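Biologist: Please show me the model. I have some questions about it.

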Amino acid sequence: MQSENAKSMDAVTVNVMANKTMQEASGATGVYTVECIGQDGQVKWSETFKNLVTTVGKNDMLDKYFAGSSYTAAWYMGLVDGSTSPTYAAADTLASHSGWTELAAGTAYSGNRPAVSWGSASAGSKASTATSFSITAANTVAGALMCTAASGTSGVLYSAGSFTGGNRIVASGDTLNVTYTATLT
């Protein structure tokens, strides 16, 4: 009598590789667009430029959105003086910004910093409507800023930036229309 013995064996090897460091990054950026309208109603010049969002501006956004602390929807724009070449730093605040000077409200343009009005957010961006500055004296403008105070230095400086093509001259009677588009990436 003949006998056959067989042993059956299965072997399975599985390797799973996973990326242990899943990361998602977000950034706050913005773009200013400035249009200068002369007394004759004609566009004298226009420029679009990027800005620096300050650390206090980012912290303010995070506190207001995630904690709902001290929320205000009041935003104002100002102009950066072009008598020197401004430099911006993430640590700049409305009270302390040694690399640049704000163009004086009430002497360079009428009134305080004008209020900003906003449209609806779309595709991760939110744009303001045009904020107008009625220029009352000839000046050199370097750029724009956005903050939470109509005057003074006690508010939050959200952002500031300069024209990429260099400082611009404005004349008494000109109107500067400034829009800002904030983007979260």
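Biologist: Where is A121 found?

Modeller: First, this is a predicted model, where local features need pLDDT of at least 70, side-chain atom pairs count only at pLDDT 80 or more, and totals for chains, interfaces and linings use all residues. Residues are numbered from 1 along each chain as its sequence is written, and side-chain values use heavy atoms, with hydrogens and water left out. Strands are DSSP runs of E, at least two residues, numbered from the N terminus. A121 sits in the loop between β4 (76-81) and β5 (125-127).

Biologist: Is A121 buried or exposed?

Modeller: Buried means under 20% relative accessible area, exposed over 50%, and partly exposed in between (1.4 Å probe, protein chains only). A121 has 56% relative accessibility, so A121 is exposed.

Biologist: How many disulfides does the structure hold?

Modeller: A disulfide is a covalent bond between the sulfur atoms of two cysteines. Here the cut-off is a pair of cysteine sulfur atoms within 2.5 Å. The count is zero.

Biologist: Is C36 buried or exposed?

Modeller: The relative accessible area of C36 is 0%. Therefore C36 is buried.

Biologist: Which residues have the most contacts inside the largest nonpolar core?

Modeller: A nonpolar core is a set of buried Ala, Val, Leu, Ile, Met, Phe, Trp, Tyr and Cys residues joined through side-chain atoms within 4.5 Å. The largest one has 26 residues. Elements giving two or more residues to this core include β1 (28-37) and β10 (175-184). The residues with the most contacts inside it are Y32, L79, F133, L176 and Y180.

Definitions and conventions. Helix = DSSP H or I, 4+ residues; strand = E, 2+ residues; numbered from the N terminus.
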